[in-house]
Amino acid sequence: MVPAARVVRGNQVDAAITVPVVIVGGGATGLCAALAVRDAGVDVLVIERDRQPMGTTAMSTGLIPAAGSTLQHAAGVADSADLFARDIATKAKHKVDQALVQRLAEESAATIDWLVERHGVALSLVDGFIYPGHSVLRMHGMPGRSGGEFMGALANACAAAGVDMLTDSVVDTLHVSHENRVIAVGIVHPDGAREVIGCGALILACCGFAGNQAMVRDLIPELEHATFHGHPGNKGDAIAWGQALGAAMADLAAYQGHAGLAAGHGIPILWPLITEGGIQVNRAGQRFANEAAGYSEQAVEVLRQEGHVAWSVYDAARHRIMLQFDDYQQALSAGCILTADSPEALAALAGIDAAGLAATIAETHALVASGAPDRFGRSFAGKAPLTAPFHAVKVTGALFHTQGGLEVDGDARVLDGQRRPFPNLYAGGGAARGISGPGADGYMAGNGLLTATTLGRLAGRHAALSAAHPDER
Ligand SMILES: Cc1cc2nc3c(=O)[nH]c(=O)nc-3n(C[C@H](O)[C@H](O)[C@H](O)COP(=O)(O)OP(=O)(O)OC[C@H]3O[C@@H](n4cnc5c(N)ncnc54)[C@H](O)[C@@H]3O)c2cc1C
């Protein structure tokens, strides 16, 4: 169930120190928020439970979507906030907070330009493939396409900007005045020592509840057989505080799943090999869903197959696209990627039905030639047929992070049950309600880091003002 995160009511608290802005959690949300606070010349403290701030962000591919960035302009990509907002809403079947979607789409380019130009984060536009749901090239990533690199760059920027960090420290208590103003946080250290730190404003950047098995079981039962591949420190604290405070919350069953976690190895095999024409088959060598609809919703389809596994099957052309990803290089080194000159030989290596796989690959050739949608609604029009040498990787369905959470306005201010903002409480990234609708199928690649980076930046900017001028906000 929800964790033991507590709210203590009262207008006085005995705090060791007071900092204008305190941030709970040191992932992308927390560090982007901290940079924005420092840009306003205001002091900030990030409190992180781990020894190093890493979070889900460091496990990620670090690809951040934006519409209208300087990098897109330089590459001649025509995009707009309206098109991006439409793509997000369409993927989520319009079951989103449309105003928030529009705001994020409009602010997305400014976030990328700000990270690159002001804070020296070496993002570039990702070329060569488009994730399901996006109309144009709009992913921005680090050179090795890794979230670890992104976190390293954010940590360097925070050090240069004078962000204070308190690590090895779990925030477990919010001290909140009778007027709903957060006045301090209570912290517990690994040796059990406790501390209270006062704040002018508080930003919840502590992601969702993917690391809390009981909450996942209660709120997302379809993930019973999923492998958890997210950050274990995300226990649902923001939701517990939200409940105690009477905050508005939504989409608690929403999540980012992934249908391509190398089974037994825990290495994500990213989706370009599928979107560019690869397929997924079960032990019988048969396809079972429209795998190009999205990697998130495909996770439960994989989990429904025998042994809760499937095989992603592709060829040398898609293999070359995949070589740009650090994760894929790790999968190669770990021996996850099988290679053979015929479907039958590949099936023998993988331990799946040879006749079934050969028939399925022959069927995809016919689908490429006809361009017609198949029985699952997928079209292979414009894709090259799969040709020898073939590759396969055994995968299972995974939970990456949860997408439901606290409802926020366009400045990332947490809303109460009547949709009024709390005076000085903010949330972003996985702590806030996302833009992916109520389930798994609304997640469009990039929704996680869009809400982390942009809501983080907006929260930091507004919290700095709120802390400096508490009576005007
Ligand atoms: C394998 C993988 C690949 C992904 N690839 C992408 C991608 O390419 N693009 C994309 O957009 N998204 C991607 N995602 C999703 C993305 O990583 C997340 O949406 C994003 O990192 C969430 O950022 P965050 O700051 O909200 O949370 P996190 O990065 O998880 O940070 C939260 C931090 O809060 C800390 N914390 C929690 N509770 C407390 C507490 N009580 N006190 C102190 N500290 C606390 C945690 O230790 C953690 O460090 C991927 C995810 C995974 C797992």
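**Helix α4 and its setting**

Guide: α5 (98–118) is among the elements that cover the buried residues of α4; contact here means that C-beta atoms, placed from the backbone, lie within 7 Å. The model is a predicted one, in which local features need pLDDT of at least 70 and side-chain atom pairs count only at pLDDT 80 or more, while totals for chains, interfaces and linings use all residues. Residues are numbered from 1 along each chain as its sequence is written. Helices (H or I, at least four residues) and strands (E, at least two) are DSSP runs, numbered from the N terminus.

Helix α4 spans residues 81–91, and its buried residues are F84, A85, D87, I88, A89 and K91. A residue is buried if 20 or more other C-beta atoms lie within 10 Å of its own, exposed if 12 or fewer, and partly exposed in between. An α-helix has 3.6 residues a turn, so residues three or four places apart point the same way. After α4 comes K93, with a positive phi near 50 degrees.

Positive phi also turns up elsewhere. D168, a residue other than glycine, has phi near 55 degrees and sits in the loop between β7 (164–166) and β8. D168 is partly exposed because 14 other C-beta atoms lie within 10 Å. For D251, likewise not glycine, phi is near 60 degrees; the loop that holds D251 runs between β12 (249–250) and β13 (255–262). D251 counts as buried because its C-beta neighbours inside 10 Å number 23. Another backbone feature is the cis peptide bond between A388 and P389, with omega about 0 degrees. P389 is in the loop between α14 (354–370) and β17.

Next, the ligand. The shell has 43 residues, of which G25, G27, G55, G429 and G448 come nearest; a residue is near if its C-beta atom, placed from the backbone, lies within 6 Å. Elements that each supply at least two shell residues are α1 (28–39), α2 (55–59), β8 (170–176), β17 (390–402) and α15 (447–468). With four residues, α2 gives the most. By class, the shell holds 16 nonpolar, 23 polar and four charged residues. Ala, Val, Leu, Ile, Met, Phe, Trp, Tyr, Cys and Pro count as nonpolar, Asp, Glu, Lys and Arg as charged, and the others, Gly among them, as polar.

Definitions and conventions. Contact = placed C-beta atoms within 7 Å.
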